[in-house]
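This briefing covers one model, topic by topic. Please keep the sequence and the structure at hand while reading.

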Amino acid sequence: MSLTTTPAAGGHDGVHEPVFVGDTRARLEQYFTLYPTKQACLLPALWMVQEARGWISEPAIGEVAEVLGVTPAYVKGVVTFYTMYHTHPVGRHFIQVCTTTPCGLCGAEDTVRALLQQTGCGDLGATSPDGRFTVVEVECLGACGFPTPIVVDDADFIESVTPDKVPEILARYP
Amino acid sequence: MGFPYPSDPRETVVLSKYFGDAGARSFDGWTQRGGYEGLKKALTMTPETIIDEVKLSGLRGRGGAGFPTGLKWSFMPKGDGKPHYLVCNADESEPGTFKDREIMRWTPHGLIEGCAIGAYAIGAERCYIYIRGEFTDPWREMTQAVAEAYARGALGADAFGSGQRIDIVLHRGAGAYICGEETALMNSIEGKRGNPRIKPPFPAQAGLFALPTTINNVETLAAVPHIMVRGGEWYKSLCLSNPKSTGTKLISVCGQIQRPGNYEITMGTPMKELIYDMCGGLRPGRTLKAVIPGGSSVPIMNAVEAESCLMDYEGLVAAGSMLGSAGMIVMDDTADMVYQIWRLARFYAHESCAQCTQCREGTAWTTRILERILAGKGTDTDFQLLLDLADNMTGKTICVLSDSCAAPVVSGIQKFRGEFEAYISGSRQPVVAGV
Amino acid sequence: MADELVNVTIDGARISVPKGMTIIEAAKQAGVLVPHYCYHPSLPSPAVCRMCLVEVEKAPKLMPACVTTVAEGQVVHVNSEGAKKARQGVLEFLLINHPLDCPICDQSGECELQDYTFQEGRAGSRYGDYAKRYNPVEDFGPDILYVANRCILCTRCVRFMDDVAETPVLNVSERGDRAYIGIAEEQLLDHPWAGNVVDLCPVGSLLSKDFLHKARAWDLDKSASICPGCSQGCNMTIDTRDEVVVRLRPRPNMDVNRHFMCDHGRMNYRWLNRGDRIEAPLLRESPAGRHVASDWDTALDRVGQIVRDAEGPAVILASGRASVESLALVRMLVDRLTVTAVVRVPLGDEAPLAGIANLALRAERAPNADGAELVGYSRDWAGGLRAAANAAVVIVLDAELDEADTAALAGIPGELVVLGTVAHDWVRQAAVVLPITTFAEENGTFVNRDRRVQRFQQARSQPGMARPAWWVASEVLAGPGPDADVPSTAAEAFDMVAERYPVFAGLSHADIGFGGRTLAAEAGATR
């Protein structure tokens, strides 16, 4: 399989540009030294794909499989197990909101409503018409003492988000 | 301390002493605060004496199971010539629990030190710290601290000039509650789906990469340097009730409470003191209805049980629940118990790994029945059905996720049956489940 | 060295079994079948279906019989109240999302979900009117469909591809009750041994397109047989419906093919249903004349005459899928002459099943080339053809002849006798054409590449007047008139072979049974 010419399935952007070239390849090689098997580098490799592309497409799965010496089906089984990996394109900014019991007791649902309304996403999992945001509800983010926590773009962990703080937070993500 | 609130004099601050103190995050800051003395001392001891000291301290696993740490370390084979691994479980994901996050955020070097001592004690050259994917701040702090620890010679080929090689590798999870289960976590590090494994073999025989492995929780390992410095006897003396529960324990208090946060108490502190004194009690005008004391997987306690129990492994078992991961979810009289139990069931249905039949199908079915009750369409036979499903889901699967889903359902029906009946009879307005 | 034995009691039966054996296997020896789904003796056990939970005295909870090993003095209750309730619970959980579309399911009648539910499931469902999980049917590969809705996630198929075929093209995707068996777009389930996932699937979730909606399981007649596809000699079952072969499936034999057979063998059955069979003996009226149908006595007389009158060498051109009995007795027919006997062994690519030692689709695509060798045939086909040019009599025993072969046989001076199944054009050259049965229409034996002699059983009736070739040969040998010494069964024919060829001495069909027997290695034997 040639990585650069695999036609993309399901309407995504045609040609898959390899992720693991240059610095990214070097970073992956660095990971190879930290584990006794290449397969163990699967989670780090998938994180690299998501950082680079925002989501993990079918051709990207093929590329990861090839660089790690496993099959695409194997990679797919792993990708779909972990909820933080996106198997579909998402908005420019991806917002995860915790609504599990402790946060739910403290008004997480109001925060979710505020986020859905003010981002224009309307529904959970939907991307806003301007492509700027996707909001999803997630299970426990592990900051139950700071309701309601949200994670933006897999990078910024913001505690104690109440509906009144939503406008200011969204403004940080153009 | 009850970060972000000031420390309460009734706390015993050992692990949480520097929560909120950004200066403690750097190598120098940590050293200035007495850090790395535990590791330096440990490197002058033999692995056996370290294990003996930990055994003496009575330290037990802080992740939920409460297994004696020194004993666990002693299960590792000696002189087998194989690589050994230490794995630090930083996948903190039990709803209600957020203590490990604070340890990593504020005192990353404290955890590094604990990991290094543990690795040395069990003959492991490498320690993997598995940090859940959502913990972006802890990940950043730990990444920086590990790099610094290598640069300053605390880690690497010759830790503090001892000639001992100690490596720490950070591994990032990607969103799966079940990876907090030790064998699922090992699968996840190996690049697999986070499916729990059948035991035997136990990790000490065949764990990570099928090699002898010990896996400890963040809080457990973070306590070890203090035991090294101040001695097992000292740690053991921190005990207010049952001698099998020693040391301090970080209790993550959350939910409907005045001052949520992490409170470090001496084992055996009455829960009443924690709730009403340290945490400032409930919100004005509210009364206590229920407490889930050990993370969402343990049986729910009603107010009477909660107000009379002691916070340690045995005290909570005596009260019909468990200390678990010590994530304490407090609910006041406004809490809708049916709704909250449904929300927990939904959590488990979402997180089931799909291996065992009872868990895969049972968690989802339980959620649907509760949903139906909330929608005002429940029937009297639903009690029997829920309890029977719970029985079929308890003690029958590879791991305890299925049991964890059943526990709040069973205790909820036992203790708050009236609320279920109100939905079924129509005396309570139906709610549409979900947001 | 004998295995160390431990004594266990299973549902009251006291047995001694080797240490290290699982409870589920030990129970079989006690005559107790522990219901199970994910467990399979030829796959690693993940203990995920939780169907095989049994009560073990002194254990704190029910134990999965598939991964729990026996221990001295262990007392196991497979049918205790607690174990039964647990199984009933599993069945109920498995059924809540199951479509219960048994009337249109190929697996119906041989479905383990049906069987165990029938045996000990609840009479009704408590699931109520919730919607069931729905996923579309997926095309997994050349012969395999995945009906996700029927899947019970036992993962046998995934483990077969991971651990046995060592080609992990299947996965478990998603988690919780959303999980299903997944495949990647760019890599289909087209492995040469992929068809086994259909047999392994305990429910009707993985289906063979070839067998799709072809027959109901309860209408099938099953016969123990041996795959004629190559020299491996996989044990198999021939499924027929109204005398038509509709499916070939592996029959477990732990020494030969465990529980598997390859797709080449599996699909190699359509020729057994051919309609253009030779159904009566044909005799040529004059050297240049036409064939006319005859009765057996006339035809046998004619062959006897040809063989008796022959002056000069004889040649036998035989098929590599003729039985030991037929090959040997036809060979004995011309024993008094100088004989060149050869078998045709077509060649193909070898396709091993990576995870099982000594199991492959073999390059030699004939089941009995080694058996032929033991009764005096060589693989030197070209040599046989050369010898035919000067032979007084040439016997073709169901060999498939290509154009070059028929050209070589055209105009040979000797008499041509064909024992055949299909009326090819070239049989017109023969003085006598005798209708014989295929391996599916007779009893007999093959010897595989590891010198294992294995029996196959008749699976369908012979067409018209066709008879086994060994019967034809023995009748000719006996000559006209009543003779008590003519074998009337394949077993008796085999006894004749055993008398004549020391390598089979002392063996009989009864000894061989349906598991097969490995022949002692001959001193100095070469292959």
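**Briefing: chains, contacts and confidence**

In chain C, residues 24 or more positions apart account for 63% of the contacts with a separation of 6 or more. The model is predicted.

**Chain C**

- Chain C has 527 residues, of which 49% are buried.
- Its secondary structure consists of 14 helices and 25 strands.
- Along the principal axes, the C-alpha atoms of chain C fill a box of roughly 85 × 50 × 40 Å.

**Contact between chain B and chain A**

- Chain B contributes 47 residues to this contact and chain A contributes 38 residues.
- On the side of chain B that touches chain A, at least two residues each come from helix 7 (136–151), helix 8 (182–189), helix 14 (337–351), strand 3 (167–172), strand 5 (248–255), strand 6 (261–266) and strand 11 (327–332) of chain B.
- Helix 14 of chain B gives the largest share of that side, with 6 residues.
- Sorted by class, the side of chain B that touches chain A holds 18 nonpolar, 18 polar and 11 charged residues.

**Contact between chain A and chain C**

- Here 12 residues of chain A meet 14 residues of chain C.
- Helix 3 (58–68) and helix 4 (72–79) of chain A are the elements that give two or more residues to the side of chain A that touches chain C.
- The largest share of that side is the 5 residues from helix 4 of chain A.
- By class, the side of chain A that touches chain C has 6 nonpolar, 4 polar and 2 charged residues.

**A β-α-β unit in chain B**

- Strand 2 of chain B, helix 7 of chain B and strand 3 of chain B form a right-handed β-α-β unit.
- Strand 2 (residues 126–131) of chain B pairs with strand 3 of chain B in the parallel sense, over 6 bridges.
- Within strand 3 of chain B, B:V169 is the residue opposite B:Y128.
- Helix 7 and strand 3 of chain B also each supply at least two residues of the side of chain B that touches chain A.

**Confidence in chain A**

- Chain A has a mean pLDDT of 92, and 92% of its residues reach 70 or more.
- Confidence in chain A is highest in helix 4 of chain A, at 98, and lowest in helix 5 (residues 101–105) of chain A, at a mean of 95.
- Over residues 1–12 of chain A, pLDDT stays under 50, and the model has 23 contacts beyond four places in sequence for them.
- Where pLDDT is low, predicted coordinates should not be read in detail.

Technical notes
Residues numbered from 1 in each chain as written. Chains lettered and ligands numbered in written order. Predicted model: local features only at pLDDT ≥ 70, side-chain atom pairs only at ≥ 80, totals over all residues. Helix = DSSP H or I, 4+ residues; strand = E, 2+ residues; numbered from the N terminus. Buried ≥ 20, exposed ≤ 12 C-beta atoms within 10 Å, placed from the backbone. Contact = placed C-beta atoms within 7 Å. Nonpolar A, V, L, I, M, F, W, Y, C, P; charged D, E, K, R; others polar. pLDDT = per-residue confidence, 0-100. Pairing = 2+ DSSP bridges. Right-handed = clockwise from strand over helix to strand, strands pointing away.
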